[in-house]
Amino acid sequence: MHKTSNPFTALNPVAATPAGAALPMTRGFYTILAAQFFSSLGDNVLLFAAIALLKSMAAPAWQIPVLQQFFVFAFILLAPFVGAYADALPKGQVMFISNSIKIVGCLAMLFGLHPLIAYGFVGLGAALYSPAKYGILTECLPLERLVWANGWMEGLTVAAIILGAIFGGVLIGPRVEAQIVQHLSELAFNGGIDTAPEFAILVILGIYLIAAVLNVYIPKLKIEHALTHRDPASLVKEFCLSLGMLWKDPLGQVSLAVTSLFWGVGTSLRFIILTWAAAALELDLERATQLTAMVAVGLAIGSVIAAKAVPVTHAVRVLPLGIAMGLVVLAMVWVTDWRVASLLLILIGILAGSFLIPMNALLQHRGHLLMGSGHSIAVQNFNENLSILLLLGAYSLMIRAGFSIDTVVIVFGLFIALSMGVIHHRHRHDQDLNP
């Protein structure tokens, strides 16, 4: 890892912000946030609807985490192309196209396509969406507002996760099956909706449609990085150069490592909690789904704390919180009461949000300076989703091997603490070598 004496001394926030583009409290900025909220809400509700569909099909237990693997394949395979695509068009237009793809995937699942394949198609839309939704922040805001803007963006994303878990649990629960679906079955034409998961998917279609309409009203900003190459080989080469550039940058490297680790472990933890809640707390799928929202509640609290207390220039100081998060995860194996479990999961979320938001803002800023926001977010997505793919694969293998859920929790808790410890030690070592 290379190190410069003070990478922030050369920053010029004014130069990094297009004239007249700051949108901190304007209608345009609120439109961006609203569009992100509804798109993310649809993604989160759809995940639990797809899980319920797999259970109704009596699919093997290992297929549930594989569901998310199918979702992230597109992020990895299309990483060389989606960043350049997001930078070459107005980002509101890219977000509209992305939500349209999600709608098609949702319809395919409703009409009988296997949930793994249909959810993978929704992942294609999400892969296109991500560089645009984050990249637009660096185009319309100055450096000193990035942590603040990320706090808003991540806060609403977390709100969508919370509501998605609660709303998704209700939609796939027995009450919807007994009341709404039965009434639909009495109609002459009900579109073939005869189960709670199918009704949930119908509701999700409406959520995605709202997001697509909001995308139309996102302000069009100046295109900063037009495509210089259009052939796939050149785009792959350009992506590899961007990938190497971020990993060689001292601040880009540490922030990329931390965010990749977080999303890999965090996504796996979401599925682990569902299994753990059933085994340790004896909760059904509806209540276990809603329990996952407790981590998101804590993440929202941690995001607010970080947005107010941690400037981008001090982002690396929060690394020890990641070690603490891993140790708190270990405590799950001794919990048998849902109230204690809720408090513990909120604490895990607070620790996660307190280090994720500053790291995310730092990574976006370094990427925007080095290669353009869309390219940098695509690099970030590639690494984060590769981490998700590998760690979900590890979780699936442990399930197939018959590991107990307590063993799985211990393995993941130790992995978080040790990995964050290595990253923190290496960063401090490089600082000592290059004061």
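1. Let's start with a term: a residue is called buried when its relative accessible area is under 20%, exposed when that area is over 50%, and partly exposed in between, using a 1.4 Å probe and protein chains only. By this rule C106 is buried because its relative accessible area is 0%, while C240, at 44%, is partly exposed. Across the chain, buried residues make up 58% of the 435 residues.

2. Before you read on, a word about the source. This is a predicted model, in which local features need pLDDT of at least 70 and side-chain atom pairs count only at pLDDT 80 or more, whereas totals for chains, interfaces and linings use all residues. Residues are numbered from 1 along each chain as its sequence is written, and side-chain values use heavy atoms, with hydrogens and water left out.

3. The chain averages 79, and 80% of the residues score at least 70. Confidence is highest in helix α4 (residues 91-110), at a mean of 90, and lowest in helix α7 (residues 174-185), at 68. Please be careful with residues 1-25, where pLDDT stays under 50.

4. Now the fold. The chain has 16 helices and zero strands; these are DSSP runs numbered from the N terminus, with helices being H or I of at least four residues and strands E of at least two. A contact means heavy atoms within 4.5 Å. Of the contacts with a separation of 6 or more, 84% join residues 24 or more positions apart.

5. Finally, which helix holds N360? N360 lies in helix α14, and it counts as buried because its relative accessibility is 4%. N360 and Q380 are 20 residues apart in sequence, and their C-alpha atoms are 9.4 Å apart in space.

Note on methods
pLDDT = per-residue confidence, 0-100.
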